[in-house]
Amino acid sequence: MASTESRILTNWNPEDPEKWDSSIAWRTLAITTYSMTLAFCVWFLVSAIAPRLNDAGFDLTQAQLYWLTSMPGLSCGFLRLIYMFLPATIGTRKLVGLSSLLYIVPMIGWFFAVQNPDTPYWWLLALAFMCGIGGGSFSGYMPSTGFFFPKRLSGTALGIQAGVGNLGMSIIQMASPLLMTVPLAGMAWMAPTRLSDGTDLWLINPTIFFIPWSILAAIFSFVWLKDVPVKASFKEQLDIFSNPDTWLMTLMYVMTFGTFSGFSAQFGLMINNNFGSTSPLGLAVAGASYAFLAPLIGSLVRVAWGPLCDRFTGGLWTFVSGAGQAVCFFLAGYFTLNPTGMGSFWGFLISMLVMFFFTGIGNAGTFKQMPMIMPKRQAGGAIGFTAAVASFGPFFVGIALSSMSATTWLWICGVFCVVGTITCWIRYARPAAPRRG
């Protein structure tokens, strides 16, 4: 049995039942997953409040709003390139505890910013950039969790953590419309924005609600988490880039999580700009009413498919995911080409929601693959790197949608998924694949 007397576990080997403590592993998973859920709430905070900024007195163009919701994705990608080295450098306990405290910074910043419609746009961009810390921590949490579980349970454990953590994207988008309608306890003194229909908009609420929960996550981390004896210098961890599977799995994860995070962040604005009351079609639909469904579906599917990936291999499900996404992207592009009414909207909505379903399958599949086809420490670094590249999804999707039509971009993504699916079949999914796993 692994020794647990200090903050650092000794004689720890998840592949050896005599040197693995399942209670420690599952406790670590629970605490880090709780913290990661809050992290994703912070990462998608801007996408949840941006559609209501103009209602609160701001005067932002469609392009400015797309850029604003893109910033967390941009910073997240760079931060993940840092976080990927932290599990084997500072350990799980400090990684999760300090990160949980850092989530508070952008929330406080947005709390003050949304109270003043004269807040400079450059400062809104800076605050949006800060929200990337929420998504950035993913590349530290996931490799860290991988150190605690044997390969036979890696798909289940990583699927639970990533899937439940991703729910933070849906939680913030689902909770924000509700939080904006009522004053929080003890904050009734804050003046809301009075809308033209006579209702009040408490735009500050989503920016402050999750702060106490982040403090609680930090306390849990510093009190109950431990570190595993997996240590490596920055230089030693660079060996992942000599492994071709690092680059090919990055392609797989961009195809699954890059599209999932990118379109989840922009989904509400896409609906507004292509079908809503301010679009040429002018339908009575609001993106905020549907935006939460995207990350909700993808996240729940990611959790559910973890055990299936343990049973049938991750490569198979990544292949299924890519094929399904390609079809859905082409269909969604068709419905935005010449929309004629609610029929076009429902066709687009269903196509995109099914696409998010397939991303959940692929996200579970890719995270099962990496621990199976790569050495344990390399797998941790590869998970961090692939997650870093894929997390630029919200940035690139936002920039693409601000510079070309939704139809063009959706069809480009469909072609990309075709390429990724063929690559997956040849390298990972077919019965005679050289790296089947």
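Is the crossing of α14 and α17 left-handed or right-handed? The crossing of α14 and α17 is left-handed, a term used if the near helix is turned anticlockwise from the far one by less than a right angle, with right-handed used if clockwise. The views below come from a predicted model, in which local features need pLDDT of at least 70, side-chain atom pairs count only at pLDDT 80 or more, and totals for chains, interfaces and linings use all residues. Residues are numbered from 1 along each chain as its sequence is written, and side-chain values use heavy atoms, with hydrogens and water left out.

**View 1. Packing of helices α14 and α17.**
Helix α14 spans residues 244-274 and helix α17 spans residues 342-373; helices are DSSP runs of H or I with at least four residues, numbered from the N terminus. Their axes are 9 Å apart and meet at an angle of about 150°. Axes are lines fitted to C-alpha atoms over the stretch in contact, and angles run from 0 to 180 degrees between N-to-C directions. The two helices are therefore roughly antiparallel (angles over 145 degrees; under 35 is roughly parallel, 65 to 115 roughly perpendicular and the rest oblique). The residues of this contact divide into 19 nonpolar, 8 polar and 1 charged. Nonpolar covers Ala, Val, Leu, Ile, Met, Phe, Trp, Tyr, Cys and Pro, charged covers Asp, Glu, Lys and Arg, and polar covers the others, Gly among them.

**View 2. Salt bridge between Asp310 and Lys368.**
A salt bridge is a side-chain nitrogen of Lys or Arg within 4 Å of a carboxyl oxygen of Asp or Glu, and the count by this rule is 4. In the pair of Asp310 and Lys368, the closest N and O atoms are 2.8 Å apart. Asp310 belongs to helix α15 (residues 293-312) and Lys368 to helix α17, so the bridge ties together parts that are 58 residues apart in sequence. Lys368 is buried, with a relative accessible area of 4%, whereas Asp310 is partly exposed at 23% (buried is under 20%, exposed over 50% and partly exposed in between, for a 1.4 Å probe and protein chains only).

**View 3. Salt bridge between Asp245 and Arg435.**
The N to O distance in this pair is 3.2 Å. Asp245 sits in helix α14 and Arg435 in the segment after α20 (406-429), 190 residues apart. Asp245 is buried at 2% relative accessibility, while Arg435 is partly exposed at 29%.

**View 4. Salt bridge between Arg52 and Asp55.**
The closest N and O atoms of Arg52 and Asp55 are 2.7 Å apart. Arg52 has a relative accessible area of 24% and is partly exposed; Asp55 is also partly exposed, at 38%.

**View 5. Aromatic pair of Trp12 and Phe148.**
Rings of Phe, Tyr and Trp (its six-membered ring) pair if their centres lie within 6.5 Å; planes under 30 degrees apart are stacked, over 60 edge-to-face and the rest tilted. This rule gives 39 aromatic pairs. Trp12 and Phe148 form an edge-to-face pair, at 5.9 Å centre to centre with 65° between the planes. Trp12 lies in the segment before α1 (22-43) and Phe148 in the loop between α9 (138-146) and α10 (151-179), so the pair ties together parts that are 136 residues apart in sequence. Both Trp12 and Phe148 are buried.
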